[in-house]
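I want to look up how charged side chains pair up here. My notes follow the structure.

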Protein chains: 2
Amino acid sequence: MSKGSTVKSKVGRPRSAGATGSGDPRHDVLAAAGKLFFTKGVAATSMAEIAAAAGLQPPSLYYWFRNKTAILGALVAEANRVPLGMVADVNQAGGPAGARLWTIICLDVVALSALPFDINEVHRMVDDGSPEAATYWAERQQLIREVEAIVAEGVTSGEFRPVDPRLTALSVLASDEGSQNWHRPAGGAGAAPGDDGAAAYTPHQIGEHLADLTLRGLLTRPSGLDSIRARAQRSDLLQQIAVTETQSAVVSTDIR
Amino acid sequence: MSKGSTVKSKVGRPRSAGATGSGDPRHDVLAAAGKLFFTKGVAATSMAEIAAAAGLQPPSLYYWFRNKTAILGALVAEANRVPLGMVADVNQAGGPAGARLWTIICLDVVALSALPFDINEVHRMVDDGSPEAATYWAERQQLIREVEAIVAEGVTSGEFRPVDPRLTALSVLASDEGSQNWHRPAGGAGAAPGDDGAAAYTPHQIGEHLADLTLRGLLTRPSGLDSIRARAQRSDLLQQIAVTETQSAVVSTDIR
DNA sequence: CCGGAGTTTCGAAGCGGCGTCGAAAGGCTT
DNA sequence: AAGCCTTTCGACGCCGCTTCGAAACTCCGG
């Protein structure tokens with residue numbers, strides 16, 4: 001076994017079509033799959049299409065990935081890890097729970113929107129017993145717990161109303177995940193067929209709106225929202241939004 | 001053509017298995033499909049399984065429904081119509097925009113939770129050009145517009161902060177649709193595999209929590225939330241929740 | 001009682017998607 | 001030159017949705 005990725009190797013049977021791509025077939029497959037998942041949706045994308053886009057015949061995909069779910073799994077790995085890392089950064093930066101939560105909501109919306117697929121579609125495809133499914137769900141549970149902890153902290157400090165932290169954390173993530181597909185080409189729930197939809201809004205706008213709405217709903221002293229926004233904007237964490245936005249959609253960074 | 005539904009007719013070729021069910025095959029198919037969609041999810045349910053549960057062979061399904069999407073479409077018809085009728089009722093009952101919106105959010109969560117399938121799964125399956133898809137999306141657009149109108153009304157009256165009505169309406173519906181699957185048996189995003197999940201909460205609890213959070217985020221005078229809750233609880237509209245909850249899941253009322 | 005029309009069901013088969021198997025076609029090492 | 005390893009592919013099986021045409025029965029008119 002080897003699968004010498006990131007190395008442009010000349011070993012192995014040559015392709016029927018001339019060699020195309022970067023020299024790292026695994027990366028090419030993920031890039032092709034991400035692009036197709038983005039434009040057509042996951043279920044509507046066939047292995048044959050992915051193979052063709054990657055310059056391979058369909059069976060060759062199974063040398064690099066166990067099955068279609070594994071391809072999705074490799075792309076999905078980002079889906080929780082990016083927000084999780086973000087939460088860690090925000091927590092390390094410190095500050096009141098309100099400011100941290102505001103930043104997290106805003107960044108989470110942008111991060112989810114930047115994914116090459118609708119995260120809701122993933123929740124249905126990855127419900128088998130595969131290993132990547134297990135890690136995905138475990139990481140997602142951790143993300144919920146992290147948000148829950150921040151909410152709980154805000155409640156005990158008196159910064160937030162006495163809400164149920166777990167329920168609130170779930171609500172926050174549900175909003176984020178529900179809004180991330182408004183601007184997708186393939187039948188988004190907001191940008192429905194035959195309608196202008198919500199494509200007019202940028203992920204950044206949506207994130208700020210959602211963060212405002214949620215925080216104002218939580219704060220004991222709603223007038224504190226302005227200072228929270230100010231503090232969050234000052235933090236350089238929001239600068240990363242620009243980065244995340246540009247690298248969007250098409251899996252430019254290599255998946256690992 | 002006839003398809004004499006609701007009539008227990010003795011015409012037609014007899015079934016290989018003895019005649020089972022209510023005498024209305026169309027209804028039997030929908031009931032069987034609803035039950036299976038609920039327990040296994042839509043994608044994981046095969047036509048053969050639906051046929052078996054309805055006491056038919058697979059091809060016979062296509063006498064009553066054009067295809068699998070049509071079965072889903074018949075079940076989905078409720079998904080928008082119930083909330084739409086509810087919004088009409090609430091608007092007719094009158095009162096300030098805040099109280100109406102609170103009731104709508106709460107009822108919408110309960111109504112969506114009572115559906116025999118995950119509405120998010122529908123958003124992906126019904127993106128073809130079929131007629132029931134068109135009506136579904138049209139009705140959904142109308143639901144968005146109704147909520148948007150209430151928000152706009154609250155904003156102009158000064159009851160709500162000056163938010164973007166459309167963005168807010170989309171956020172509200174996104175939350176509702178994101179939370180409706182926390183208590184489903186088949187891989188809900190909240191009640192994830194290998195975790196206690198959010199199954200502990202009833203749809204009613206979730207709805208009230210979401211309504212509180214959203215309304216408090218919108219109200220110019222957050223302290224008004226208490227009176228809104230009181231007013232909403234007084235309205236007999238909430239009594240319908242009990243009804244909706246009992247008739248849940250399994251498509252007891254005949255679909256038309 | 002007979003024959004045709006209408007209704008409902010089914011068996012056989014097509015098609016397209018995912019995934020497997022074993023072999024083929026190269027380079028690399030000895 | 002002879003293996004060995006890596007990568008790719010062709011042929012194939014299986015399962016899902018769906019179509020087609022015929023079968024099986026009732027009903028009704030004569």
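Entry 1. I call a pair a salt bridge when a side-chain nitrogen of Lys or Arg lies within 4 Å of a carboxyl oxygen of Asp or Glu. I note that the model is predicted.

Entry 2. I checked Glu148(B) and Arg166(B) against that cut-off. Their side chains form a salt bridge, with N to O at 3.2 Å. Glu148(B) sits in helix H7 of chain B and Arg166(B) in helix H8 (residues 165-179), so the pair ties together parts 18 residues apart in sequence. I then looked up the exposure of Arg166(B), and the residue is buried, with a relative accessible area of 12%.

Entry 3. I turned to chain A, where Glu132(A) and Arg66(A) meet in a salt bridge at 3.3 Å, N to O. Glu132(A) belongs to helix H7 (residues 131-156), while Arg66(A) is in the loop between helix H3 (58-64) and helix H4 (68-93), so this pair ties together parts that are 66 residues apart in sequence. Is Glu132(A) buried or exposed? I found Glu132(A) buried, at a relative accessible area of 18%.

Entry 4. I looked for the pair in chain B. Glu132(B) forms a salt bridge with Arg66(B), and the closest N and O atoms are 3.3 Å apart. This pair links distant parts of chain B, with Glu132(B) in helix H7 and Arg66(B) in the loop between helix H3 and helix H4, 66 residues apart. Glu132(B) counts as buried because its relative accessibility is 18%, and the cut-off for buried is under 20%.

Entry 5. I asked how many salt bridges there are over all chains. The count comes to 16.

Terms used: Residues are numbered from 1 along each chain as its sequence is written. Chains are lettered from A and ligands numbered from 1 in the order in which they are written. This is a predicted model: local features need pLDDT of at least 70, side-chain atom pairs count only at pLDDT 80 or more; totals for chains, interfaces and linings use all residues. Side-chain values use heavy atoms; hydrogens and water are left out. Helices (H or I, at least four residues) and strands (E, at least two) are DSSP runs, numbered from the N terminus. Buried means under 20% relative accessible area, exposed over 50%, partly exposed in between (1.4 Å probe, protein chains only).
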